[in-house]
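Subject: Structure handover, strand pairing

Hello,

The structure is below. My notes on the strand pairing follow it.

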Amino acid sequence: MNRLVKTALLAGAAWSALSTMAMAQDVPQDGASTLDEVVVSARRRDEALKDVPISVSAIGAERLEQTGAADITALQQQTPNATVQVARGSNSTLISFIRGIGQQDPLWGFEPGVGLYVDDVYVARPQGAVLDIYDVQRIEVLRGPQGSLYGRNTVGGAVKYVTSRLSADPELTLRGSYGSYNQTDLLAMGSLPLADNFRVGGAIASYQRDGYGTNLNTGAEHYNKDVLAGRLSAEWEPREDVQIRLAYDRTEDDSNPRHGHREVAGATPNSGVPGSVYDTYAGIGDNNSVMNQGLSATIQIDVNDHWTFKSISAWREGDTDTVIDFDNTPAPTLDIPAYYSDDQITQEFQFLFNYDRIQGVMGFFYLDGHAEGAFDTIVGNPLLPVASQFVIGTSGYVDTTSYAFFADVNLDLTDRLHLSLGGRYTLDEKTGRVFRANYAGATRSPLLGGTARAPTLLRTDYRRTKDFDQFTPKVALSYDLTDDLTTYASFSRGFKSGGFDMRGDAILTPDTVNGYNPETVDSYEIGLKGSLSRLSFASSIFYNEYNDQQVTTQVPAVGGIASFVDNVGSSTFYGAELEGRLRILDNLTANFAIGYLHSDFEEFLRYNLTTAKYEDISSQVVLQNAPEWTGYLGFTWIGDVAGGELAVTPSISYRGDYSQFEFPNPVLDQQAYSLVDLSVVWTDPSDRFTVGLYGKNLTDEEYRVGAYNFAGATFDNSLIGYYGPPQTVTATVQFKF
């Protein structure tokens, strides 16, 4: 509590000082950089960032290019209190946490705590969601619960990937990159007007790279990249008041699976610790395939000067075939072959209105989704008797139908005082089917194409339907201290529906057949944003109450692995954020971000396999992926060189200590680290030719982004870590026609 009081006092002092400075500078100096320059659509309409009473980070295409951002995981470095990483065992599966709220488990049926949107289309599944950055206008990160404005209710926040609109003139951009580990990236994108009111365009990108390491058992590359991605779009204005946009995208990822790095030695042959953190001794194989594609249609009709109607229709599907070797040895001790498949249809209707003193949006959202999969857990430790070696086969599906009505209204009570009221009613219907059984022999089960044989032990077999509904309100009061400075206070509630544990073992945990319940977050926030002379900034302090928190844990047990997805109880956390841009000189600017997060579990109920009772172990656990401090500082110098414009951007990002799971582990948890980057970009006077040189992780920091913990003799003491990219240098050439 003392730390909370200190944080509040420091924030209050900062509010007072900044407000006083702003009052004294009602008219900004010439050349000042203000948040009026940054336009976002966080509230479903274009408006200046300073006028939005929520915490939003907006990174535009120019900034992404200056910093050499390759994919959306780059958001983690520049966004306070955010985790945006490649999931363990994957090249393109996304895990996201904002202010300590998210979802690490990418298994089918689990919903993300942070919503991902591509041009307002909700992407329900994390597979293939590590989007490479191309053809992008900006990326917005909304921190805190989102429900009254966005298609799917999310408890942690939302990431919006906004692609570039098609040009009215013919355009073609060609880009090629070559870098460390034989990185070879090729991109072509452009647009072509076929009539004054009709344009078509597209982009295709190939990303190839050798592995950072090697599978020392098979000789295959490890941590390589083999991705082909593309988009096609068409924009048509049949009348001045009607806009229609069709878009299709597809991504194919054939990169090798990431088996991780054994952090401690085991007892079986070739179970030592490889010399490089990117090497492995995995024996299950190196085949992996991920495909994602989607089609959307957006129709906007300007009914009159005050009302606009918008329809967003979308279909998406994805398929994944993969293998993960959890023990990182040639032996089939803990081998996991798996497949995932999903499809979704979403429909959203929006009614936007704008009068002199009232603006807002009302809408309806519908989702019909199906997610299925199967995986084997091969328990073939050669140190165990042959009779003890077996495979656990798991399969199932989740069908989700969701309906939601939402509204968000902004009232201008006076010229400077504004009240925002929002609400959302969500009704989810979920049907889950879970099957889990033991099969004799340490080979694939019939579920994954193995030898046909009957189960030796049926562990789980049920089908169940449950409904979840919730009303989530939002209220915010904002006040324009000056024309350039706004302060606000807000309350919002986030909701994530319940479901069924696809790994649930009804023998070890009988309650699994009942599923788990929804979780909610009550978020309180005050903020101050705007500009002071050469400084543009956004700041906030927040306090969250997280209730019925859904947590996935897995522990070794007699006869297999016990999986728990429980509503473990509640936690509270608070923190502060400050980000902005300072123009030091006319040609020198600094971008900065700092986040502070403190969290505590008030209650954490866990099922005791021995006593068959739930116990409160809150004193033993922490919030995962929630470093206390995160920070970023980058400078950009722009000058005239050789007749063109040269931009030099050195930067450093910091991430404090954090735990990979709720249960701390000194072998797997990541200590604080910093990443140092440097980019140099030269553009010719016509803005048609660009050359860039990008250095990433220049100090070659080794840092974990994920882990698995299967300690004990049964699984050969498998403690596995997954690591972020090493030092790399990439050169890029781009032509615009």
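Two strands count as paired here if DSSP finds at least two bridges between them. Helices (H or I, at least four residues) and strands (E, at least two) are DSSP runs, numbered from the N terminus. This is a predicted model, in which local features need pLDDT of at least 70 and side-chain atom pairs count only at pLDDT 80 or more, while totals for chains, interfaces and linings use all residues. Residues are numbered from 1 along each chain as its sequence is written, and side-chain values use heavy atoms, with hydrogens and water left out.

On that basis, E34 and strand E35 (residues 644–655) are antiparallel and share 10 bridges. One of the pairs to check is threonine 630, whose bridge partner in E35 is arginine 655. The hairpin of E34 and E35 has two residues between the strands, and alanine 642 there has a positive phi near 55°.

E34 (residues 629–641) also runs antiparallel to strand E32 (residues 588–608), with nine bridges joining the two. Leucine 588 has tryptophan 637 of E34 as its bridge partner.

There is also an open sheet of three strands, ordered E4-E5-E6, with antiparallel pairing. Its edge strands are E4 (82–86) and E6 (101–103), each of which pairs on one side only. From one strand to the next the twist averages 10° (axes are lines fitted to C-alpha atoms, for helices over the stretch in contact, and angles run from 0 to 180 degrees between N-to-C directions). Strand E5 (residues 94–98) pairs with E6 over three bridges in the antiparallel sense. Serine 96 has its bridge partner in E6 at glutamine 103.

Regards
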